[in-house]
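Please examine the sequence and the model shown here before reading on.

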Amino acid sequence: MSDEQRSRPDLQVVSEETPPPSQANDALVIGSAIVAALAGIGFAVGLALQTSIAVYGTALAIGLLALGFGARRYFSDLFPDIEAVEPRHPDDGEDDESVAAIAPLERRSMLRNTLIGAGGVFGLSLLAPVPSLGPAPGDELKRTDWRRGTRLVTTDGEPISADNVATGGVATVWPEGSVNNEISAVILVRVGDGHIREPTNLEWVVNDELIAYSKVCTHAGCPVGLFREQDNALFCPCHQSTFDAVRGAVPTFGPTARALPQLPLGVDEEGFLIALGDFEEQVGPAFG
Amino acid sequence: MTPLFGKLLDELDARLHVRRDARRTANKVFPSNWSFLLGEVAVFSLVILVLTGIFLTFFYRPNVEMITYTGSNPVFAGRSLPAAFESIVRLSSDVNGGLLFRRLHRGASHLFIATIVLHMLRIMLTGAFRKPRELNYFVGIGLLTLAFGAGFTGYSLPYDSLAGTGIRIAYTELLSLPLIGDRVAFWIFGGAFPTGDVIPRFFVLHVMVLPAAIIATVGLHLFMVYRQKHTQFPRLGVDGHNLVLGKPLWPLQFAESTTLFLWTGGLLAAAAVLIPWSDVSLLGPYIPGEVGNNAQPDWFLFWLEGALRIFPPLEFTIPPGIVISGPFVAGVVLPGLIFTFLALYPFLEKRVYDLSGEWHVLQNPLEIPLRAGVMLGVFSGLLILSAAATNDILSRMLGIPIEMITWIARVAVIVVPVVLGLWIARYSRKRLRRRGLDVPSSEVDGQERYIAA
């Protein structure tokens, strides 16, 4: 038989056995697909609820084994069981026929859809370990380290006296004990000609000229680093968001939509600047 | 071909002209025998190793500075630990699902190496290494070596008491290289053991260099299988020299492999539930100067450890100052000789039996006395060396003094392989003579006799 087959370019079926449609087999495919999908959900839920390895590990094992079993039963339903030969040294002829020489049998598409569905559910459930990568945010992004009575300090940790800020100057300040806590960064501005007006909260302005805003730009979170004295503008160099320091830091130009939150500012008995509480608005870029 | 897949292929074909190649690939025939699936399981283990390894990499800290563990594991709470070990404890005890992924990774690593070894045994015993496949046989030996490297570096990363001891012994092996040993050891370790550099370096080897090398080599290995087509066991009435007989890739082998992949994953998940792979809280962190009574490598390096244990005391200096030591001979020269011998064996067989032509049909090793003798000899020797790596445990279990066990192993590792090798070679020669056969020097010749028999 070798000479004759050597001239053939491709697969030659030697024996072929077509399984009869079987309801029992259909039930096995659908049953194992459902088991796999449920096990996948069990894996995801078990992991989310932080149960033990015995629970979600077993669910994962059952899901994979069931999916494997279902796939096996599905293929044995859809295709004839064949044995074929292929020449070791085929001729290289042009060949434009359909890709596989074995055509699938005309069978119910429900099996395929169930299996694809179950595989999809199971595959999605394998994303369940992703939350393990980091803790839940809680309100960590909504609160800063400013509390009522917290002193404003410089990056060196020195408290700031109300009389000691240069006119037209800006300074980066921090809550005492939380220097370099990024979300708590504040920019302290001493406005030269004192006409601070609404919507600034005037109760939080010290001596009609000292005012403090969150330094974290409300657009993309860069530090608002520059102060333009002639028009009292705070400017973020990243995307050119510009805020009016005498009018509650409302945006006047650039891509941001939200004003810099104003820090409730006060003075303690020793004359040092303090916060009167945390920011009342969301600090930094939008999320959620 | 399902309609959706067929449509996708039509669209691809209109752009990339894949149809002919795809058809050839889909029609590739896979001879079926359970032992042909060993290599597939190794590939699937590799996939699982890569996926779980990515997860572990997010948490592991390749650093041995001491830090305080503040998590929930009661054994280590509040203790100062090397950062690498601390991150493993944290991963196992405090990261949701971390223990599952550690165990899956560990289990898959054992399965990966075990199936490579068994696959290699099958190749050697049945003669699948013969022309035209010698090249791929070398690639396979290279893969086994890379897998040992990945296994050893992975074993070291937790920096538990066993890992530290293993690294210490590897350092000694590097030091033992004559003339250049100290220099090479300092290059690899960044100074005298234990430096802080070894763990970050092993980490880079384990997560980057070795996986890249393994994946590339597996690719080459499979490409060669694809080009050369499979070997197969002989079957009456089939001209195996010219034809491959089996199941086409699409759909039957695809179905089989898909199942095998899912079942491999499922069994590894079940094993992760049932087997406490490498429970670090039983071991504790590595502290230089301390070693437990149970210092053993992973099983696949037992043979090396056994050789170190039973090799007789040896240390001498060749003028002008080249030191040859026991660890060098037992841990470098001996494995080098074994691997070189196994790599060159195909040429030995070819020369002894004056073989010609290509060989695609597998053979029972008993039909080739030399192969039967060599394989039984080499592998019984490796098993005895492996057993010798447990001489302390054997001594405790059997109540025989450890000195006696060591001497028995020293004698056995020389006598047993020779006796067994000669015996099986003699047996298979007789078996051939009884059937009125000899070793055929070409496959066509062999097939005619086989069919005639």
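## Salt bridges and the contact between chains

The side chains of Lys7(B) and Glu11(B) form a salt bridge, with an N to O distance of 3.6 Å. The structure is a predicted model, and the values below are computed from it. Lys7(B) and Glu11(B) lie four residues apart in helix H1 of chain B, which means that about one helical turn separates them. An α-helix has 3.6 residues a turn, so residues three or four places apart point the same way. Lys7(B) counts as exposed, at 52% relative accessibility, whereas Glu11(B) counts as partly exposed, at 37%.

Over all chains, the count of salt bridges comes to 19. The table lists four of them.

| Salt bridge | N to O distance |
|---|---|
| Lys7(B) and Glu11(B) | 3.6 Å |
| Glu256(B) and Lys247(B) | 3.4 Å |
| Arg143(A) and Asp139(A) | 3.4 Å |
| Arg235(B) and Glu83(A) | 2.9 Å |

### Where the chains meet

The size of an interface is often given as the accessible area lost when the parts come together. Here, chain B and chain A bury about 4800 Å² between them, and 63% of this area is on carbon and sulfur atoms. On the side of chain B, the residues that lose the most area to chain A are Arg23(B), Asn96(B) and Leu243(B), which together account for 15% of what that side buries. The contact involves 60 residues of chain B and 55 residues of chain A.

How many salt bridges are counted between chain B and chain A? The count is one: Arg235(B) pairs with Glu83(A), and their closest N and O atoms are 2.9 Å apart. Eleven residue pairs are in polar contact across this interface. The elements of chain B that give two or more residues to the side touching chain A are helices H1 (3-16), H2 (19-26), H5 (98-126) and H10 (249-274), together with strand E4 (243-248). Of these, H10(B) gives the most, with 16 residues. By type, the residues on this side of chain B divide into 30 nonpolar, 17 polar and 13 charged.

Strand pairing also crosses between the chains. Strand E2 of chain A (residues 81-87) is joined to E4(B) by four bridges, and the two strands run antiparallel. Within this pairing, Glu86(A) stands opposite Val244(B).

### Inside each chain

Chain A holds an open sheet of four strands in the order E3-E4-E5-E6, with antiparallel pairing. Its edge strands are E3 (152-153) and E6 (210-214), each pairing on one side only. Strand E5(A), residues 186-190, is joined to E6(A) by five bridges, and Ile187(A) has Tyr213(A) as its bridge partner in E6(A).

In chain B, helix H11 (residues 302-310) has the buried residues Phe302(B), Trp303(B), Glu305(B), Gly306(B), Ala307(B) and Ile310(B). The buried residues of H11(B) pack against several helices of chain B, among them H6 (134-156), H7 (161-175) and H12 (326-352).

How values were computed:
Residues numbered from 1 in each chain as written. Chains lettered and ligands numbered in written order. Predicted model: local features only at pLDDT ≥ 70, side-chain atom pairs only at ≥ 80, totals over all residues. Heavy atoms only, no water. Contact = heavy atoms within 4.5 Å. Buried area = accessible area lost by both parts, 1.4 Å probe. Salt bridge = Lys/Arg side-chain N within 4 Å of Asp/Glu carboxyl O. Polar contact = N/O pair within 3.5 Å; in protein donor to acceptor, adjacent residues only side chain to side chain. Nonpolar A, V, L, I, M, F, W, Y, C, P; charged D, E, K, R; others polar. Pairing = 2+ DSSP bridges. Buried < 20%, exposed > 50% of the residue type's maximum accessible area, 1.4 Å probe, protein only.
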